[in-house]
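Q: I'd like to learn how to read a few features off a model like this one. Can you walk me through it?

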Amino acid sequence: QVQLVESGGGLVQAGGSLRLSCAASGSIFSINAMGWYRQAPGKQRELVGNITSSSTDYKDSVKGRFTISRENAKNTFYLQMNSLKPEDTAVYYCNADVGTTVPGAMLVRRSYWGQGTQVTVSS
């Protein structure tokens, strides 16, 4: 199985910065794509940004402020958030599309979620 563990959330004033991390562990043969999502109270979960081998994409409202990066050797990826705004307040979730194994040692692709981390931006 694969586990994603998130860290780095917290309280910050508007204009400040936070860096979220997502560490993947388990029977991982590859990470094909990774992304960050967020969910504010009373709202649906939305895509913040994702990265594949060929491209990186961001939600329009975070372009120029948020950056996704990865450290392949550690199976870890990050969300650097700068110039934070109160409307960025949400629980942030990481997601990874990975190559892993199932019984019989068959290699398959599966998607996994982190547990979520709270980001609160004050005015």
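A: Let's go through the disulfide, the pocket and the backbone angles in turn. Keep in mind that this is a predicted model.

Q: How many disulfides does the structure hold, and which residues does a disulfide join?
A: You look for two cysteine sulfur atoms within 2.5 Å. Here there is one disulfide, and it joins C22 to C94, with an S to S distance of 2.1 Å. C22 sits in strand β3 (residues 18-26) and C94 in strand β9 (residues 90-102), 72 residues apart, so the pair links distant parts of the chain. The link of C22 and C94 is right-handed, with 60° about the S-S bond.

Q: Are C22 and C94 buried or exposed?
A: Buried means under 20% relative accessible area. Both C22 and C94 are buried.

Q: What is the volume of the largest pocket, and which residues are closest to its centre?
A: The largest pocket has a volume of about 180 Å³. It is lined by 14 residues, and R38, E46, K59, E87 and D88 are the closest to its centre. By type, the lining has eight charged residues, four polar and two nonpolar.

Q: Which residue other than glycine has a phi near 50°, and where is it found?
A: That's N75, whose phi is positive. N75 is in the loop between β7 (66-71) and β8 (76-81). N75 counts as partly exposed because its relative accessibility is 25%.

Q: And what about A105, where is it found?
A: A105 is in the loop between β9 and β10 (106-113). A105 isn't a glycine, yet its phi is positive, about 65°. Its relative accessibility is 62%, so A105 counts as exposed.

Definitions and conventions. Residues are numbered from 1 along each chain as its sequence is written. This is a predicted model: local features need pLDDT of at least 70, side-chain atom pairs count only at pLDDT 80 or more; totals for chains, interfaces and linings use all residues. Side-chain values use heavy atoms; hydrogens and water are left out. Helices (H or I, at least four residues) and strands (E, at least two) are DSSP runs, numbered from the N terminus. Buried means under 20% relative accessible area, exposed over 50%, partly exposed in between (1.4 Å probe, protein chains only). On a 1 Å grid over the protein atoms alone, a cavity is a set of points where a 1.4 Å probe fits but cannot get out, and a pocket is an open set with protein on both sides within 12 Å along at least five of seven lines; lining residues have an atom within 4 Å of a point. Grid points are joined across faces, edges and corners, and a volume is the space filled by probe spheres set on the points. Ala, Val, Leu, Ile, Met, Phe, Trp, Tyr, Cys and Pro count as nonpolar, Asp, Glu, Lys and Arg as charged, and the others, Gly among them, as polar.
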